[in-house]
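Hi everyone, thanks for coming.

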Amino acid sequence: MRYHADVHRLRAGLLGLGLLALSPLTVHAQSWQQVENEAKGQTVWFNAWGGDEAVNHYLDWVSGEVKRDYAINLRIVHIADAADTVKRIQTEAQAGRKTNGSVDLLWVNGENFRALKEANLLRTGWAEQLPNWRYVDVSKPVREDFSVPVEGAESPWGSAQLTFIARQQQTPQPPDSPQALLEFAKAHPGTVTYPRPPDFTGTALLEQLLINLTTQPDALKQPPQAKTFAAVTAPLWAYLDTLHPLLWRNGKDFPPSPARMDAMLSNGSLRLSLTFNPMHAKQKVAKGELPKDSYSFGFQSGMLGNVHFVTIPANASASAGAQVVANFLLSPEAQLRKADPAVWGDPSVLDPAKLSPEQQKTLQSLIPEHAPKVLAEPHAAWVNALEQEWLRRYGTH
């Protein structure tokens, strides 16, 4: 009997070791099951930029999918600027609203993420626990957002890159560097411009040119310093001082948005448009909103790019539901649909190598050919500093 008892004990011990070895995965599966159970029947208020019909249609589809599969009521709050939602979250925190917040999920990145994270107004440590995180391309900047460490406080769901658009008929050979852009503007005066900062795309062009032109690139990884700001940015302002007189309306006026630039490219008054979506030209051509010969291009040395995320406020009323929605947004099905220019054309954050052969093929076909390499965004604090200085120098014309 003793022998049997020892064997039994040994077996039990080995089984225990086996369970220990499995436990992190098992516990993770169980805890995710608990999140899904808790999410059932929750209403998730998702604040998302509502400035594009394609985006809005896509989010309507997401709402239908999460309702059917997870019994979540996803309510999309269309916002013009994430900064407005940031203010609301801050106001609720100041009023002592620790739970029951009005925002469960927010489409965010950059300066707005930094403001919320620094004030400890976000739930942290959840993003890399999502089951679909396993598909994410971690070579993209998914663990830092404009040089601010993410620390699991937001989940990636799309990527973007500053991209020029031209027409083959008009511009068979596009400018591929800041110097070439200057020469191009000299050769075709009045046909080049950019959106007026603080338009997001206009500011992105300032950042792009600063990265290309500054003699102190390392300074851009930190917040701007009062004593070095002038020296770091001097080459940018010297460049713009030369460029502006060659622009549309002699640089005395700027279009309010990339959409206005698209219209001006279509009617022939501009030779270049600008977007923060490398699939934008394809999408707008497919919808008949840009001429058929429109194409995308970038500078040879690379173009500014970033990842956009969803985040969960610390006082969210439905954080389980918000996590389930964030996880769905990372699913291959949702990511491939979003990347299709006929739907939205927002590039995926997934690694094709982690997908099935079929999905891999689909994703590869949606990645723009000859895409320039992605240049990381400067620290989030540069956005406001550049906008203020631009407005001081050129905003009163």
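Phe164 and Phe297 are both buried, where buried means under 20% relative accessible area with a 1.4 Å probe, protein chains only. Before I go on: this is a predicted model, so local features need pLDDT of at least 70, side-chain atom pairs count only at pLDDT 80 or more, and totals for chains, interfaces and linings use all residues. Residues are numbered from 1 along each chain as its sequence is written, and side-chain values use heavy atoms, leaving out hydrogens and water.

Back to our two rings. Their centres are 5.2 Å apart and their planes at 15°, so Phe164 and Phe297 are stacked. Rings of Phe, Tyr and Trp (its six-membered ring) pair if their centres lie within 6.5 Å; planes under 30 degrees apart are stacked, over 60 edge-to-face, and the rest tilted. Phe164 belongs to strand 7 (residues 163-167) and Phe297 to strand 9 (residues 294-297), so this pair ties together parts 133 residues apart in sequence. Strands here are DSSP runs of E, at least two residues, and helices runs of H or I, at least four, numbered from the N terminus.

Now, how are Trp237 and Tyr394 arranged? Their ring centres are 6.3 Å apart with planes at 50°, so that pair is tilted. Trp237 sits in helix 7 (residues 229-243) and Tyr394 in helix 13 (residues 381-394), 157 residues apart. Both Trp237 and Tyr394 are buried.

Finally, ring pairs join Phe46, Trp49, Tyr58, Trp61, Trp107, Trp157, Phe328 and Trp344 into a cluster. Thanks, all!

Methods: Buried means under 20% relative accessible area, exposed over 50%, partly exposed in between (1.4 Å probe, protein chains only).
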